[in-house]
Amino acid sequence: MKIAKQKSDFATPFTVKNAITKGDLFTKLSGIIMGLGNFKNGQFEKSLIYFAIEIGYIMFMIKNGFYYLKMLPTLGTRKAAEVWNEQKQVYEYVQGDNSVLLLLYGVVTIAVTLVFIYFLCDSLKSAYKVQYYKEKNWKIKSFKEDVEDLFDSNLHKLLMFLPFSGILIFTILPLLFMIAMAFTNYSDIGDHLILFDWVGLKNFKTVLGLGGKIGQTFWPVLGWTLIWAFFATFLNFFLGMILAIVINRKETKGKAFWRFCFVISIAIPQFVSLLVMRTLLQRDGAINTLLLNAGLIKTALPFWTNATWARVTVILVNCWVGIPYTMLQVTGILQNVPAELYEAAKIDGANPIQIYFKITLPYIMFIMGPYLITQFTGNINNFNVIYLLSGGAPVEVGKTAGKTDLLVTWLYKLTIDYKYYNLGAVIGILTFIILSIVALVTYRNTASYKDEEGFQ
(Lines give C-alpha, C1' and ligand atoms only; values in the text may rest on other atoms or scores of the structure.)
Protein backbone atom coordinates (compact mmCIF):
# COMPACT_ATOMS: atom_id res chain seq x y z
CA MET A 1 0.00 0.00 0.00
CA LYS A 2 1.48 3.30 -1.08
CA ILE A 3 1.29 6.20 1.29
CA ALA A 4 0.53 9.48 -0.46
CA LYS A 5 3.01 12.25 0.25
CA GLN A 6 1.51 15.17 2.11
CA LYS A 7 1.81 18.40 0.16
CA SER A 8 3.31 21.37 1.90
CA ASP A 9 1.12 24.37 2.62
CA PHE A 10 3.73 26.46 0.83
CA ALA A 11 3.96 24.27 -2.30
CA THR A 12 4.03 26.25 -5.53
CA PRO A 13 3.77 25.18 -9.17
CA PHE A 14 6.38 27.76 -10.13
CA THR A 15 9.45 25.54 -9.99
CA VAL A 16 12.44 25.06 -12.26
CA LYS A 17 11.23 21.53 -13.10
CA ASN A 18 7.81 22.77 -14.21
CA ALA A 19 9.39 25.63 -16.14
CA ILE A 20 11.50 23.18 -18.16
CA THR A 21 8.83 20.49 -18.64
CA LYS A 22 5.66 22.60 -18.94
CA GLY A 23 6.97 25.97 -20.06
CA ASP A 24 6.67 27.27 -23.59
CA LEU A 25 9.66 27.96 -25.85
CA PHE A 26 10.31 31.44 -24.43
CA THR A 27 10.13 30.14 -20.87
CA LYS A 28 12.63 27.38 -21.60
CA LEU A 29 14.93 29.82 -23.42
CA SER A 30 14.93 31.94 -20.25
CA GLY A 31 17.43 29.41 -18.97
CA ILE A 32 19.79 30.55 -21.72
CA ILE A 33 18.80 34.18 -22.21
CA MET A 34 17.65 35.37 -18.81
CA GLY A 35 14.47 37.44 -18.81
CA LEU A 36 13.31 36.36 -22.27
CA GLY A 37 10.04 34.89 -20.99
CA ASN A 38 9.31 38.01 -18.94
CA PHE A 39 10.08 40.24 -21.94
CA LYS A 40 7.72 38.24 -24.18
CA ASN A 41 4.86 38.70 -21.69
CA GLY A 42 5.32 42.42 -21.12
CA GLN A 43 7.52 42.54 -18.00
CA PHE A 44 10.19 44.64 -19.68
CA GLU A 45 11.86 46.15 -16.60
CA LYS A 46 12.14 42.79 -14.86
CA SER A 47 13.50 41.14 -18.00
CA LEU A 48 16.15 43.87 -18.33
CA ILE A 49 17.28 43.27 -14.75
CA TYR A 50 17.68 39.54 -15.39
CA PHE A 51 19.46 40.20 -18.67
CA ALA A 52 21.81 42.73 -17.00
CA ILE A 53 22.72 40.14 -14.34
CA GLU A 54 23.56 37.62 -17.07
CA ILE A 55 25.64 40.12 -19.07
CA GLY A 56 27.48 41.18 -15.92
CA TYR A 57 28.29 37.58 -15.03
CA ILE A 58 29.48 36.78 -18.56
CA MET A 59 31.73 39.87 -18.62
CA PHE A 60 33.14 38.97 -15.21
CA MET A 61 33.90 35.42 -16.29
CA ILE A 62 35.51 36.51 -19.56
CA LYS A 63 37.62 39.18 -17.91
CA ASN A 64 38.69 37.35 -14.73
CA GLY A 65 36.51 34.42 -13.73
CA PHE A 66 37.70 31.78 -16.16
CA TYR A 67 41.32 32.63 -15.37
CA TYR A 68 40.77 32.23 -11.61
CA LEU A 69 38.97 28.91 -12.12
CA LYS A 70 41.76 27.72 -14.42
CA MET A 71 44.42 28.65 -11.84
CA LEU A 72 42.52 27.14 -8.89
CA PRO A 73 43.81 23.54 -9.39
CA THR A 74 47.48 24.65 -9.40
CA LEU A 75 47.30 27.89 -7.35
CA GLY A 76 50.01 29.35 -9.59
CA THR A 77 53.45 28.20 -10.69
CA ARG A 78 55.35 31.33 -11.77
CA LYS A 79 57.89 32.62 -9.27
CA ALA A 80 58.89 36.25 -9.02
CA ALA A 81 62.20 36.86 -10.78
CA GLU A 82 64.51 39.47 -12.26
CA VAL A 83 64.66 39.48 -16.07
CA TRP A 84 67.38 41.20 -18.10
CA ASN A 85 66.00 43.86 -20.45
CA GLU A 86 68.28 44.10 -23.49
CA GLN A 87 66.91 47.43 -24.65
CA LYS A 88 67.19 49.20 -21.31
CA GLN A 89 70.25 47.20 -20.21
CA VAL A 90 68.78 46.71 -16.74
CA TYR A 91 67.25 43.91 -14.71
CA GLU A 92 63.48 44.26 -14.36
CA TYR A 93 61.44 42.70 -11.59
CA VAL A 94 58.74 40.39 -12.95
CA GLN A 95 56.00 39.62 -10.47
CA GLY A 96 55.02 35.96 -10.18
CA ASP A 97 51.82 34.28 -9.09
CA ASN A 98 50.37 34.85 -5.64
CA SER A 99 48.66 31.70 -4.44
CA VAL A 100 46.77 33.50 -1.67
CA LEU A 101 45.05 35.81 -4.14
CA LEU A 102 44.42 33.03 -6.63
CA LEU A 103 42.78 30.91 -3.92
CA LEU A 104 40.73 33.85 -2.63
CA TYR A 105 39.56 34.94 -6.08
CA GLY A 106 38.86 31.32 -7.02
CA VAL A 107 36.57 30.94 -4.00
CA VAL A 108 34.88 34.26 -4.82
CA THR A 109 34.38 33.16 -8.45
CA ILE A 110 32.71 29.94 -7.31
CA ALA A 111 30.47 31.94 -4.95
CA VAL A 112 29.56 34.40 -7.73
CA THR A 113 28.74 31.45 -10.00
CA LEU A 114 26.45 29.93 -7.37
CA VAL A 115 24.67 33.28 -6.94
CA PHE A 116 24.29 33.51 -10.71
CA ILE A 117 22.80 30.00 -10.84
CA TYR A 118 20.28 31.12 -8.20
CA PHE A 119 19.21 34.07 -10.37
CA LEU A 120 19.14 31.80 -13.43
CA CYS A 121 16.71 29.47 -11.66
CA ASP A 122 14.71 32.46 -10.47
CA SER A 123 14.51 33.69 -14.06
CA LEU A 124 13.06 30.35 -15.18
CA LYS A 125 10.52 30.32 -12.35
CA SER A 126 9.54 33.93 -13.02
CA ALA A 127 9.10 33.27 -16.74
CA TYR A 128 6.92 30.22 -16.03
CA LYS A 129 4.89 32.17 -13.48
CA VAL A 130 4.05 34.97 -15.91
CA GLN A 131 3.21 32.35 -18.59
CA TYR A 132 0.96 30.54 -16.12
CA TYR A 133 -0.82 33.78 -15.19
CA LYS A 134 -1.35 34.61 -18.85
CA GLU A 135 -2.81 31.18 -19.59
CA LYS A 136 -5.22 31.56 -16.67
CA ASN A 137 -6.12 35.10 -17.80
CA TRP A 138 -4.95 36.43 -14.46
CA LYS A 139 -3.54 39.90 -14.05
CA ILE A 140 0.21 40.07 -14.59
CA LYS A 141 1.88 42.40 -12.14
CA SER A 142 3.77 45.40 -13.44
CA PHE A 143 7.26 46.31 -12.26
CA LYS A 144 5.79 49.03 -10.06
CA GLU A 145 3.49 46.52 -8.38
CA ASP A 146 6.42 44.12 -7.83
CA VAL A 147 8.32 46.93 -6.10
CA GLU A 148 5.29 47.75 -3.95
CA ASP A 149 5.06 44.07 -2.97
CA LEU A 150 8.57 44.36 -1.51
CA PHE A 151 7.07 46.66 1.12
CA ASP A 152 4.01 44.47 1.67
CA SER A 153 3.69 40.72 1.04
CA ASN A 154 7.40 40.29 0.22
CA LEU A 155 8.69 42.55 2.97
CA HIS A 156 10.63 39.62 4.46
CA LYS A 157 12.72 39.39 1.28
CA LEU A 158 13.59 43.09 1.42
CA LEU A 159 14.50 42.99 5.12
CA MET A 160 16.57 39.82 4.79
CA PHE A 161 18.55 40.96 1.75
CA LEU A 162 21.18 43.03 3.59
CA PRO A 163 21.66 40.58 6.52
CA PHE A 164 21.97 37.64 4.13
CA SER A 165 24.43 39.57 1.94
CA GLY A 166 26.49 40.40 5.02
CA ILE A 167 26.53 36.75 6.13
CA LEU A 168 27.54 35.65 2.63
CA ILE A 169 30.35 38.19 2.24
CA PHE A 170 31.72 38.40 5.78
CA THR A 171 31.01 34.92 7.15
CA ILE A 172 30.49 32.25 4.50
CA LEU A 173 33.20 33.39 2.05
CA PRO A 174 35.92 33.71 4.75
CA LEU A 175 34.93 30.29 6.10
CA LEU A 176 35.18 28.72 2.64
CA PHE A 177 38.57 30.40 2.17
CA MET A 178 39.79 29.08 5.53
CA ILE A 179 38.52 25.57 4.81
CA ALA A 180 40.27 25.57 1.43
CA MET A 181 43.48 26.81 3.07
CA ALA A 182 43.48 23.76 5.36
CA PHE A 183 44.18 21.56 2.34
CA THR A 184 47.29 23.50 1.21
CA ASN A 185 50.87 23.86 2.44
CA TYR A 186 50.48 27.62 3.03
CA SER A 187 53.00 28.21 5.82
CA ASP A 188 56.48 29.38 6.67
CA ILE A 189 57.64 25.75 6.54
CA GLY A 190 59.46 25.30 3.25
CA ASP A 191 58.93 28.97 2.37
CA HIS A 192 55.39 28.50 1.02
CA LEU A 193 54.07 31.97 1.84
CA ILE A 194 53.81 33.20 -1.76
CA LEU A 195 53.45 30.02 -3.81
CA PHE A 196 51.85 26.95 -2.29
CA ASP A 197 50.09 23.81 -3.47
CA TRP A 198 47.24 21.52 -2.56
CA VAL A 199 48.31 18.73 -0.17
CA GLY A 200 44.99 17.01 0.52
CA LEU A 201 44.54 15.64 4.05
CA LYS A 202 48.22 15.87 4.98
CA ASN A 203 47.65 18.78 7.39
CA PHE A 204 44.90 16.91 9.23
CA LYS A 205 47.26 13.95 9.60
CA THR A 206 49.94 16.30 10.96
CA VAL A 207 47.61 17.82 13.55
CA LEU A 208 45.81 14.65 14.61
CA GLY A 209 48.83 12.35 14.51
CA LEU A 210 51.12 11.76 17.47
CA GLY A 211 54.33 11.47 15.48
CA GLY A 212 55.30 15.14 15.23
CA LYS A 213 55.45 18.15 17.54
CA ILE A 214 52.15 19.57 16.31
CA GLY A 215 50.28 16.31 16.89
CA GLN A 216 51.84 15.87 20.34
CA THR A 217 50.69 19.39 21.19
CA PHE A 218 47.14 19.20 19.80
CA TRP A 219 45.75 16.50 22.08
CA PRO A 220 46.95 18.01 25.41
CA VAL A 221 45.67 21.44 24.31
CA LEU A 222 42.32 19.90 23.34
CA GLY A 223 42.08 18.14 26.70
CA TRP A 224 42.83 21.32 28.62
CA THR A 225 40.39 23.29 26.46
CA LEU A 226 37.52 20.96 27.39
CA ILE A 227 38.53 20.93 31.08
CA TRP A 228 38.75 24.72 31.10
CA ALA A 229 35.37 25.11 29.36
CA PHE A 230 33.70 22.73 31.84
CA PHE A 231 34.99 24.43 34.99
CA ALA A 232 34.72 27.96 33.59
CA THR A 233 31.08 27.35 32.69
CA PHE A 234 29.68 25.30 35.53
CA LEU A 235 31.60 26.93 38.38
CA ASN A 236 30.36 30.33 37.21
CA PHE A 237 26.84 28.99 36.82
CA PHE A 238 26.47 27.12 40.12
CA LEU A 239 28.40 29.60 42.27
CA GLY A 240 26.53 32.51 40.70
CA MET A 241 23.24 30.66 41.26
CA ILE A 242 24.06 29.93 44.90
CA LEU A 243 25.08 33.55 45.43
CA ALA A 244 21.83 34.77 43.88
CA ILE A 245 19.77 32.37 46.04
CA VAL A 246 21.54 33.44 49.24
CA ILE A 247 21.07 37.13 48.50
CA ASN A 248 17.45 36.59 47.43
CA ARG A 249 16.49 34.91 50.74
CA LYS A 250 13.98 36.77 52.89
CA GLU A 251 16.38 36.57 55.86
CA THR A 252 19.19 38.37 53.99
CA LYS A 253 19.50 42.03 54.98
CA GLY A 254 20.66 44.73 52.56
CA LYS A 255 20.05 42.83 49.33
CA ALA A 256 20.73 45.88 47.15
CA PHE A 257 24.08 46.51 48.89
CA TRP A 258 25.32 42.95 48.40
CA ARG A 259 24.28 42.93 44.76
CA PHE A 260 26.07 46.25 44.26
CA CYS A 261 29.28 44.85 45.77
CA PHE A 262 29.40 42.00 43.28
CA VAL A 263 28.06 43.88 40.26
CA ILE A 264 30.56 46.73 40.56
CA SER A 265 33.22 44.49 39.00
CA ILE A 266 31.15 44.45 35.78
CA ALA A 267 31.51 48.23 35.48
CA ILE A 268 35.26 47.82 34.94
CA PRO A 269 36.17 46.70 31.38
CA GLN A 270 37.11 43.04 31.44
CA PHE A 271 40.45 43.50 29.66
CA VAL A 272 41.47 46.04 32.33
CA SER A 273 40.60 43.62 35.14
CA LEU A 274 42.50 40.78 33.48
CA LEU A 275 45.63 42.85 32.85
CA VAL A 276 45.58 44.15 36.43
CA MET A 277 45.25 40.60 37.79
CA ARG A 278 48.05 39.44 35.50
CA THR A 279 50.33 42.12 36.95
CA LEU A 280 49.33 41.45 40.55
CA LEU A 281 50.04 37.72 40.21
CA GLN A 282 53.52 38.03 38.70
CA ARG A 283 56.47 36.52 40.59
CA ASP A 284 57.46 40.01 41.74
CA GLY A 285 53.88 41.32 41.74
CA ALA A 286 51.97 42.94 44.57
CA ILE A 287 50.42 39.72 45.94
CA ASN A 288 53.71 37.82 46.19
CA THR A 289 55.43 40.89 47.62
CA LEU A 290 52.80 41.36 50.33
CA LEU A 291 52.85 37.67 51.28
CA LEU A 292 56.66 37.62 51.43
CA ASN A 293 56.82 40.79 53.52
CA ALA A 294 54.18 39.40 55.89
CA GLY A 295 56.23 36.23 56.31
CA LEU A 296 53.40 33.99 55.17
CA ILE A 297 55.49 32.44 52.37
CA LYS A 298 59.23 31.96 51.91
CA THR A 299 59.34 31.87 48.10
CA ALA A 300 57.14 33.56 45.53
CA LEU A 301 54.08 31.57 44.49
CA PRO A 302 54.43 30.27 40.89
CA PHE A 303 51.14 31.62 39.54
CA TRP A 304 52.38 31.71 35.92
CA THR A 305 55.45 29.45 36.03
CA ASN A 306 53.83 26.21 37.24
CA ALA A 307 51.27 24.50 35.00
CA THR A 308 48.88 23.45 37.79
CA TRP A 309 49.06 26.82 39.51
CA ALA A 310 48.49 28.66 36.22
CA ARG A 311 45.47 26.56 35.27
CA VAL A 312 43.81 26.87 38.67
CA THR A 313 44.55 30.60 38.67
CA VAL A 314 42.91 31.31 35.30
CA ILE A 315 39.82 29.32 36.36
CA LEU A 316 39.49 31.22 39.66
CA VAL A 317 40.05 34.62 38.08
CA ASN A 318 37.46 33.76 35.43
CA CYS A 319 35.02 32.94 38.25
CA TRP A 320 35.67 36.33 39.81
CA VAL A 321 34.93 38.00 36.47
CA GLY A 322 31.95 35.85 35.43
CA ILE A 323 29.97 35.07 38.60
CA PRO A 324 28.31 38.53 38.81
CA TYR A 325 26.75 38.04 35.36
CA THR A 326 25.22 34.71 36.37
CA MET A 327 24.08 36.17 39.69
CA LEU A 328 22.14 38.93 37.91
CA GLN A 329 20.48 36.53 35.48
CA VAL A 330 19.48 34.04 38.18
CA THR A 331 18.21 36.88 40.39
CA GLY A 332 15.79 37.91 37.67
CA ILE A 333 14.58 34.32 37.30
CA LEU A 334 14.16 33.76 41.06
CA GLN A 335 12.02 36.86 41.39
CA ASN A 336 9.61 35.35 38.86
CA VAL A 337 9.26 31.91 40.46
CA PRO A 338 5.66 31.68 41.76
CA ALA A 339 5.69 31.93 45.56
CA GLU A 340 2.81 29.44 45.70
CA LEU A 341 5.17 26.65 44.59
CA TYR A 342 7.42 27.18 47.62
CA GLU A 343 4.47 27.49 50.00
CA ALA A 344 2.87 24.30 48.71
CA ALA A 345 6.19 22.44 48.98
CA LYS A 346 6.65 23.56 52.60
CA ILE A 347 3.11 22.50 53.46
CA ASP A 348 3.88 19.06 51.98
CA GLY A 349 6.91 18.83 54.28
CA ALA A 350 9.69 19.41 51.76
CA ASN A 351 13.03 20.53 53.20
CA PRO A 352 15.21 23.28 51.61
CA ILE A 353 17.33 20.75 49.67
CA GLN A 354 14.27 19.06 48.20
CA ILE A 355 12.77 22.45 47.30
CA TYR A 356 15.99 23.40 45.55
CA PHE A 357 16.25 20.25 43.43
CA LYS A 358 12.51 19.91 42.67
CA ILE A 359 11.51 23.55 42.13
CA THR A 360 14.35 26.07 41.99
CA LEU A 361 16.92 24.19 39.89
CA PRO A 362 14.45 22.83 37.27
CA TYR A 363 12.90 26.30 36.90
CA ILE A 364 16.31 27.91 36.42
CA MET A 365 17.50 25.20 34.02
CA PHE A 366 14.34 25.53 31.95
CA ILE A 367 15.16 29.18 31.26
CA MET A 368 18.96 29.10 31.31
CA GLY A 369 19.55 25.91 29.31
CA PRO A 370 20.35 27.80 26.07
CA TYR A 371 22.52 30.21 28.07
CA LEU A 372 24.60 27.30 29.40
CA ILE A 373 25.16 25.99 25.88
CA THR A 374 26.21 29.44 24.72
CA GLN A 375 28.53 29.89 27.69
CA PHE A 376 30.16 26.50 27.24
CA THR A 377 30.85 27.00 23.54
CA GLY A 378 31.94 30.55 24.26
CA ASN A 379 34.44 29.38 26.88
CA ILE A 380 35.98 26.94 24.41
CA ASN A 381 36.76 30.02 22.32
CA ASN A 382 37.44 32.32 25.29
CA PHE A 383 40.44 34.07 23.78
CA ASN A 384 40.43 37.18 25.99
CA VAL A 385 40.73 35.57 29.42
CA ILE A 386 43.59 33.24 28.53
CA TYR A 387 45.56 35.53 26.25
CA LEU A 388 45.32 38.63 28.47
CA LEU A 389 45.69 36.79 31.77
CA SER A 390 48.38 34.16 31.26
CA GLY A 391 49.32 34.45 27.60
CA GLY A 392 49.32 30.65 27.54
CA ALA A 393 52.14 30.45 30.11
CA PRO A 394 54.03 28.46 31.16
CA VAL A 395 55.51 27.52 27.80
CA GLU A 396 58.10 24.76 27.48
CA VAL A 397 61.15 25.40 25.29
CA GLY A 398 60.52 24.47 21.68
CA LYS A 399 56.74 24.21 22.10
CA THR A 400 54.27 26.27 20.07
CA ALA A 401 51.63 26.18 22.84
CA GLY A 402 51.75 26.77 26.56
CA LYS A 403 50.13 24.82 29.37
CA THR A 404 47.16 27.21 29.58
CA ASP A 405 46.70 27.75 25.85
CA LEU A 406 43.29 26.91 24.43
CA LEU A 407 42.78 25.79 20.84
CA VAL A 408 41.84 29.34 19.89
CA THR A 409 44.91 30.97 21.47
CA TRP A 410 47.15 28.27 19.99
CA LEU A 411 45.57 28.89 16.60
CA TYR A 412 46.39 32.59 17.01
CA LYS A 413 50.01 31.84 17.83
CA LEU A 414 50.39 29.41 14.95
CA THR A 415 49.14 31.97 12.44
CA ILE A 416 50.50 35.24 13.83
CA ASP A 417 53.76 34.15 15.49
CA TYR A 418 54.77 31.12 13.43
CA LYS A 419 52.92 31.76 10.14
CA TYR A 420 51.56 28.19 9.98
CA TYR A 421 48.39 29.32 8.23
CA ASN A 422 47.45 25.88 6.93
CA LEU A 423 47.70 24.24 10.36
CA GLY A 424 45.79 27.15 11.89
CA ALA A 425 42.99 26.55 9.38
CA VAL A 426 42.90 22.85 10.29
CA ILE A 427 42.63 23.67 13.99
CA GLY A 428 39.85 26.15 13.19
CA ILE A 429 37.90 23.43 11.40
CA LEU A 430 38.47 20.91 14.21
CA THR A 431 37.39 23.50 16.78
CA PHE A 432 34.17 24.06 14.86
CA ILE A 433 33.50 20.30 14.76
CA ILE A 434 34.19 19.96 18.48
CA LEU A 435 31.92 22.92 19.27
CA SER A 436 29.11 21.42 17.17
CA ILE A 437 29.36 18.06 18.94
CA VAL A 438 29.55 19.65 22.41
CA ALA A 439 26.63 21.99 21.70
CA LEU A 440 24.50 19.10 20.42
CA VAL A 441 25.27 16.85 23.39
CA THR A 442 24.70 19.68 25.89
CA TYR A 443 21.43 20.62 24.23
CA ARG A 444 20.14 17.04 24.32
CA ASN A 445 21.10 16.62 27.98
CA THR A 446 19.43 19.92 28.88
CA ALA A 447 16.30 19.00 26.94
CA SER A 448 16.09 15.57 28.58
CA TYR A 449 16.53 17.20 31.99
CA LYS A 450 13.60 19.52 31.28
CA ASP A 451 11.43 16.59 30.17
CA GLU A 452 12.27 14.55 33.28
CA GLU A 453 11.31 17.44 35.53
CA GLY A 454 8.08 18.09 33.62
CA PHE A 455 9.08 21.43 32.07
CA GLN A 456 7.84 20.99 28.52
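Visitor: Which helix gives the largest share of the lining of the largest pocket?

Guide: This is a predicted model in which local features need pLDDT of at least 70 and side-chain atom pairs count only at pLDDT 80 or more, while totals for chains, interfaces and linings use all residues. Residues are numbered from 1 along each chain as its sequence is written, and side-chain values use heavy atoms, without hydrogens and water. Helices are DSSP runs (H or I, at least four residues), numbered from the N terminus. At least two lining residues each come from α4 (44–71), α5 (99–135), α6 (143–149) and α7 (155–181); the largest share, 14 residues, belongs to α5.

Visitor: What volume does the largest pocket have?

Guide: A pocket is an open set of points on a 1 Å grid over the protein atoms alone, where a 1.4 Å probe fits, with protein on both sides within 12 Å along at least five of seven lines; lining residues have an atom within 4 Å of a point. Volume is the space filled by probe spheres set on the points, which are joined across faces, edges and corners. For the largest pocket the value is about 1800 Å³.

Visitor: Which of its lining residues are closest to the centre of the largest pocket?

Guide: The lining of the largest pocket comprises 32 nonpolar, seven polar and nine charged residues; Ala, Val, Leu, Ile, Met, Phe, Trp, Tyr, Cys and Pro count as nonpolar, Asp, Glu, Lys and Arg as charged, and the others, Gly among them, as polar. Of these 48 lining residues, the closest to the centre are Y50, Y118, F119, D122 and K157.

Visitor: Is N318 buried or exposed?

Guide: N318 belongs to helix α13 (residues 307–334). Its contacts (heavy atoms within 4.5 Å) include W228, A232 and N382, not counting residues up to four places away in sequence. Under 20% relative accessible area counts as buried, over 50% as exposed, and in between as partly exposed, using a 1.4 Å probe and protein chains only. With a relative accessible area of 5%, N318 is buried.

Visitor: How wide an arc do the buried residues of α11 cover?

Guide: In helix α11 (residues 270–280), the buried residues are S273, L274 and M277. They lie on the same side of α11, because the arc that they cover around the axis is only 95°. This arc is that of the directions from the helix axis to the C-beta atoms, and its value here is 95°.
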